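Trainee: Could we go through the pockets and the strands beside them, setting each value against its definition?

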Amino acid sequence: MDLRSLVESDLADTLEGDFGLSVELVKPDGDKQIQSANDTDLLLRGQVLLDHAEENLETGAPVIVPRPVLTLRRSSLERIPVDGEIWGVWIPEEPNDTATKTFYLLSDPLEGGRSLGIIRFYLSETVQS
Amino acid sequence: MNFIEIRDAIRTKLGEAAVARGSFRVIGFQERKKSAPETAGALRSVEVFFQRGDFPKTGGSPSGPFRHKMTFSIILTATAAAKADLTVLQNPGSTAEQLAAALAAAKVAANEADDILDTMWSDVFESLMDARNLDFGLDFPLQDRWIDDFQKSDPAERGSFVMITGSASLQCAIDEDVEGESGTAASSGDALTTDLKIDGDTAPAGITAGG
């Protein structure tokens with residue numbers, strides 16, 4: 001196995017392993033994905049961070065933005081979202097209560113990581129219409 | 001100066017519109033920069049404040065009245081999150097068709113904020129440019145009341161929220177009179193009394209000071 005393939009397969013541990021949390025995706029056609037496409041005996045898991053760092057464009061200072069970021073292994077997805085599509089995702093917000101999930105929209109352009117086999121989503125908090 | 005009364009009258013009229021229409025709240029001064037949660041939902045705001053005054057030399061004399069062309073800034077701020085039918089999306093029993101319909105009907109945050117700002121501006125314009133508000137309820141005439149444009153900012157991402165601002169200028173003109181410094185009111189201890197000499201009155205005339 002070459003190094004790039006090794007890095008991708010290591011995501012099963014680094015991204016989907018003990019630090020990962022189970023998430024549920026819903027595609028634009030309403031079809032849900034709960035299991036991993038790599039192994040349907042396993043739940044779809046990924047890295048869920050409830051905030052992330054950005055740079056304040058006016059001052060250049062780093063700021064922590066309270067917006068969740070979800071990183072998934074591309075090969076675990078049944079289908080890769082296309083820019084412009086609206087997907088939904090349920091993520092756990094408490095590390096000790098992963099059964100309770102909150103809904104977020106995925107509508108922003110996707111962020112790369114394709115070389116390393118990952119895909120990153122910035123989640124949009126959603127209120128009742 | 002009259003512009004202060006005009007400023008207060010505009011604030012009052014907009015405040016009444018805010019209560020009647022419920023689409024915004026009024027901030028009658030130029031506020032500091034606000035974070036997204038401070039302007040989200042019902043906290044969307046309309047700032048109105050006196051920004052500029054022009055006094056054309058040809059519009060008055062050195063002793064007054066002075067022609068005052070006023071510009072009031074109106075700044076609208078709306079912040080929104082994405083919207084969707086969560087009763088369907090968070091229901092484990094929803095079918096694929098229901099989920100698809102709910103996703104298709106979802107509104108992204110930029111769309112929601114844009115719509116909110118359009119509604120706010122419509123309400124603000126209708127209030128300020130109402131024919132009954134030619135003088136904003138004041139008891140002196142106001143001239144050249146006009147709003148000549150409105151401009152929206154680009155949507156700004158603030159975490160999960162999107163914030164959009166809009167700005168306009170309300171112009172009007174008034175004649176200002178400078179009344180000068182008013183004298184100090186006399187207290188009882190400083191009263192001056194004057195005795196008038198009237199025919200037949202033998203008492204001495206003069207001015208005495210005292211209470």
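Trainee: What makes A:Phe19, A:Leu21, A:Val48, A:Leu50, A:Pro92, A:Glu93, A:Glu94 and A:Pro95 the lining of the second largest pocket?
Mentor: On a 1 Å grid over the protein atoms alone, a pocket is an open set of points where a 1.4 Å probe fits, with protein on both sides within 12 Å along at least five of seven lines, and lining residues have an atom within 4 Å of a point; these eight residues therefore count as lining. This is a predicted model, in which local features need pLDDT of at least 70 and side-chain atom pairs 80 or more, while totals for chains, interfaces and linings use all residues. Residues are numbered from 1 along each chain, chains are lettered from A as written, and side-chain values use heavy atoms, without hydrogens or water.

Trainee: How many of its lining residues are nonpolar, polar and charged?
Mentor: The lining of the second largest pocket has 6 nonpolar, no polar and 2 charged residues, where Phe, Leu, Val and Pro are among those counted as nonpolar and Glu among the charged.

Trainee: What is the volume of the largest pocket?
Mentor: It is about 1,100 Å³, and among its 32 lining residues the closest to the centre are A:Asn56, B:Lys34, B:Ala156, B:Glu157 and B:Arg158.

Trainee: Why are E5(A) and E6(A) called paired?
Mentor: Two strands pair if DSSP finds at least two bridges between them; 4 bridges join E5(A) to E6(A), which run antiparallel, so they are paired. A:Glu54 has A:Val63 in E6(A) as its bridge partner, and 6 residues lie between the two strands of this hairpin, including A:Gly60 in the turn, with a positive phi of about 80 degrees.

How values were computed: Grid points are joined across faces, edges and corners, and a volume is the space filled by probe spheres set on the points.
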